[in-house]
Amino acid sequence: MVNNTFVLNINSKLFEVIMKKTIIALTLTASFSVFANIPVAGDDLPFFNAEREAVQNGAIIKDMSGQAQASLAQFMAKQPLGEFSEDVLKAAKHAVENNRKIAPDYVAMMEASAKIRGIDVAELFASVSQVDYSVNQAVKSSMQEKQEVETIKGCTSIAFNNGIVGQTNDLSLATSLTDHTTVVKTDDSIFVVADGAHFQGMGKHVGIVINFMGAPAGIDGIDHKNLVTVDAIFAAATQAKSVDIFLNTIKDVRTIIPFNFTVADDKGNHAAIEVTVENGVKAIQYSERGSVHANHSAEFKQGFLAEHSAIDANTAFFSTFAREVAAENFLDYSPELTVESMQWLFSQRPINMTKYKGKDFVTVEAMIFDTVEGCAYVSGDNPNFSGYSKVCFK
């Protein structure tokens with residue numbers, strides 16, 4: 001006679017094993033199906049509903065408060081450098097002493113960093129400058145041959161009249177989206193590191209960000225007698241006590257290509273500061289509420305839009321005119337000028353950009369500096385996909 005209880009127990013255990021395997025198989029199938037359809041950074045995304053996983057969520061924070069300049073030099077000496085051409089190296093050698101005039105402590109730190117690396121400090125400054133110069137040459141070539149611009153550096157910047165300034169960092173997805181966006185905090189500055197150098201940042205009083213203007217704004221300054229590199233300008237701003245003092249410090253300088261630096265201080269002053277060979281250093285304010293800038297001068301915008309429709313112009317130059325107008329409209333109509341409202345602005349089209357219809361030019365980072373509260377907010381990826389890391393002096 002068969003023991004029914006025994007058979008039932010065997011069947012129950014067998015059924016349990018089968019069900020577990022079935023559930024695991026279904027789960028794996030569903031998981032692979034889901035993962036197979038998740039967009040990644042290189043995919044084209046919908047213009048208005050872009051979603052993907054972040055390559056870097058937030059930023060790496062290196063707190064060097066209370067440490068000597070020698071420690072900062074050692075840290076900077078470990079950062080990767082880019083390659084550079086002989087022309088750019090020659091210009092960088094010329095810029096060393098000019099850099100020292102506007103940011104002596106920073107240049108001393110960079111010289112210590114170069115010594116640790118076993119190279120000349122001019123090589124550090126050349127590494128900082130090469131990408132901008134190369135991109136500018138490519139834009140000039142495209143414009144001369146009347147072809148669509150394939151390569152450009154972007155960024156939309158905005159400053160409020162309450163000490164807050166920020167930008168979206170818009171670059172080539174293929175070469176500029178990294179997993180190691182790093183922010184350094186010292187006793188008197190908080191700044192983003194790039195090419196072993198000081199980039200966007202803030203001091204106890206002034207915050208500063210940057211816009212590439214390049215070829216559309218005029219000739220380059222690679223041979224100018226007052227040439228400085230952008231990292232020295234950043235360092236000078238973070239050590240200044242006000243926008244006016246910073247402007248006086250850089251009033252005679254020129255950069256390797258035309259740039260704009262958007263600034264704000266803890267007294268409510270703000271400006272978009274264009275540096276070009278033709279016009280020198282020019283401070284521009286959009287309104288009492290703030291300053292904005294994209295990747296062009298007013299003169300270039302006027303001339304280009306006189307010959308092209310708005311949609312064609314923005315297609316050719318990566319929405320540079322649309323981004324500026326969007327930032328201006330925000331200043332005109334926003335009821336709040338806060339860190340949170342700037343973060344919202346940086347999440348909106350056309351200011352926030354993702355890869356769309358093959359355009360490999362996207363928002364790869366965003367950064368906001370609040371000089372009154374003494375806090376910086378940095379995303380390591382497009383802020384639509386990445387959160388912001390917050391770091392403060394206090």
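Colleague: How do strands β4 and β5 pair?

Modeller: This is a predicted model. In it, β4 (residues 182–185) and β5 (residues 189–194) run antiparallel, joined over three bridges.

Colleague: Which residue in β5 is the bridge partner of Val184?

Modeller: Phe191 is the partner of Val184. In general, strands of a sheet pair through backbone hydrogen bonds, in either a parallel or an antiparallel way.

Colleague: What is the strand order in the whole sheet?

Modeller: The order is β1-β4-β5-β6-β7-β8-β9-β10, eight strands in an open sheet with mixed pairing. The edges are β1 (60–63) and β10 (280–284), which each pair on one side only. On average, neighbouring strands are turned by 25° against each other, direction ignored.

Colleague: Which strands does helix α7 touch?

Modeller: Helix α7 (residues 230–239) packs on the sheet and touches β5, β6 (197–203), β7 (206–212) and β8 (259–265). The direction of α7 makes about 20° with that of β6.

Colleague: New topic. Where does α3 bend?

Modeller: At Ala95, by about 40°.

Colleague: And what span should α3 have?

Modeller: Helix α3 (residues 86–102) has 17 residues, so at 1.5 Å a residue the span should be 24 Å. The end C-alpha atoms are 25 Å apart, which agrees.

Colleague: Is Ala95 buried or exposed?

Modeller: Ala95 is buried. Other buried residues of α3 include Val88, Leu89, Ala92 and Ile102.

Colleague: How many of the chain's residues count as buried?

Modeller: 52% of the 394 residues. The chain has 12 helices and 14 strands, and exposes about 18,200 Å², with carbon and sulfur atoms supplying 54% of that area.

Definitions and conventions:
Residues are numbered from 1 along each chain as its sequence is written. This is a predicted model: local features need pLDDT of at least 70, side-chain atom pairs count only at pLDDT 80 or more; totals for chains, interfaces and linings use all residues. Side-chain values use heavy atoms; hydrogens and water are left out. Two strands pair if DSSP finds at least two bridges between them. Helices (H or I, at least four residues) and strands (E, at least two) are DSSP runs, numbered from the N terminus. Axes are lines fitted to C-alpha atoms, for helices over the stretch in contact, and angles run from 0 to 180 degrees between N-to-C directions. Contact means heavy atoms within 4.5 Å. The expected span of a helix is 1.5 Å times one less than its number of residues. The bend at a residue is the angle between axes fitted to the seven residues ending there and the seven starting there. Buried means under 20% relative accessible area, exposed over 50%, partly exposed in between (1.4 Å probe, protein chains only). Accessible areas come from the Shrake-Rupley method with a 1.4 Å probe; for residues, only the protein chains shown count as cover.
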